[in-house]
Amino acid sequence: MVLEKIDQLAREWLEEAGNRIFMALEQTNIEVEAKSDRNDLVTNVDKSTERYFAEKIAEHFPDHRLLGEEGYGEEITSLEGVIWVLDPIDGTVNFVEQKRNFAISLGIYKEGIGELAYIYDIIGGEFYFAKRGEGAFVNDVEIPKLSADKKLEDALVIINTAAMHKFPQTLAIIKEARGLRLYGAATLEYMAVATGRADAYISANLAPWDIGAGKIIAEEVGAIVTRVDGTPMTITEKGASFVASPGVHAEILRDYLGK
Ligand code: 2AM
Ligand code: CA
């Protein structure tokens with residue numbers, strides 16, 4: 001019952017937040033700051049979007065917790081209760097430089113289990129949604145389950161540059177694959193794999209809010225989500241991420257990353 005209420009309100013708030021972000025793109029006074037390094041950006045729009053969700057969650061679900069990138073939530077060390085995992089803008093460099101290829105990402109976890117997920121690519125007009133056990137959808141059309149038969153030689157792979165440095169075996173993966181693609185927003189890279197537009201995505205250092213929703217949606221269509229060494233990935237810790245369709249995941253682990 002509470003999941004139904006969460007779903008109804010989350011959709012309303014995502015639509016409202018999406019409209020506000022769309023309007024903000026028209027303005028010339030977006031304030032940009034660097035965080036951990038010069039390419040780790042935050043804007044006033046990231047902050048105001050997260051604050052909007054923080055206020056709405058506190059008003060409607062005072063016992064729920066928010067794990068958000070911009071600090072309006074709480075430090076989360078345990079997985080008890082309901083946790084809203086939010087990235088108000090994933091792909092902030094794209095938001096600033098391209099004004100597209102970014103998304104709002106929201107995952108709802110209950111006792112540590114991903115129950116609902118939303119990724120809203122505002123400019124692309126794609127609203128991804130999954131409910132655990134009930135399928136994943138883009139704009140209300142169900143996303144087919146991924147094939148287990150794909151081979152790396154026929155696969156498009158997404159590997160971010162930090163992963164190329166940290167895991168040198170990725171260069172051999174790229175050589176074997178059909179091609180390399182990079183989108184610059186972890187959520188949209190997860191959705192490329194979930195929808196079969198790419199077959200694997202390896203990233204060196206993602207945070208819970210980057211993958212909180214993407215993991216739920218990707219797993220719902222049968223993608224395998226792990227750390228780079230194949231161990232399970234929890235949503236409370238930062239670290240490397242490896243998502244792929246089942247056959248490609250197994251082949252990459254066996255022949256490259258697991259060696
Ligand atoms: P962000 O836009 O929300 O910061 C870019 O390659 C992708 O990696 C984006 O999804 C970006 O999320 C994420 N990312 C995670 N940590 C990052 C960091 N320290 N600097 C830049 N991008 C980071
Ligand atoms: Ca962000």
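I began with Ala200, whose bridge partner in S14 is Ala244. This is a predicted model, and I read each entry below with that in mind.

I then followed the two strands as a pair: S12, residues 200–206, and S14, residues 239–244, run in the antiparallel sense and are joined over 5 bridges. Strands of a sheet pair through backbone hydrogen bonds, either parallel or antiparallel.

Next I traced the sheet to which they belong, an open one of 5 strands in the order S11-S10-S12-S14-S13, and noted that its pairing is mixed. S11 (179–180) and S13 (224–226) stand at the edges with a single partner strand each, so one side of each has no neighbour in the sheet.

I looked for what covers these strands and found helix H8, residues 246–257, lying across S12, S13 and S14, with a direction at about 130° to S14.

I turned to the helix pair H1 (residues 2–26) and H2 (residues 44–60), whose axes come within 11 Å and cross at roughly 155°. Since angles over 145 degrees count as roughly antiparallel, H1 and H2 are therefore roughly antiparallel to each other. I recorded the crossing of H1 past H2 as right-handed.

Lastly I listed who meets whom: from H1 the contact includes Leu9, Trp13, Leu14 and Ile21, and from H2 it includes Val45, Tyr52, Phe53 and Ile57. Sorted by class, this contact of H1 with H2 holds 10 nonpolar, 2 polar and 3 charged residues; among the residues taking part I also noted Glu16 and Arg20 in H1 and Lys56 in H2.

Conventions:
Residues numbered from 1 in each chain as written. Chains lettered and ligands numbered in written order. Predicted model: local features only at pLDDT ≥ 70, side-chain atom pairs only at ≥ 80, totals over all residues. Heavy atoms only, no water. Axes fitted to C-alpha atoms, helices over the stretch in contact; angles between N-to-C directions. Helix = DSSP H or I, 4+ residues; strand = E, 2+ residues; numbered from the N terminus. Parallel < 35°, antiparallel > 145°, perpendicular 65-115°, else oblique. Left-handed = near helix turned anticlockwise from the far one by under 90°. Contact = heavy atoms within 4.5 Å. Nonpolar A, V, L, I, M, F, W, Y, C, P; charged D, E, K, R; others polar. Pairing = 2+ DSSP bridges.
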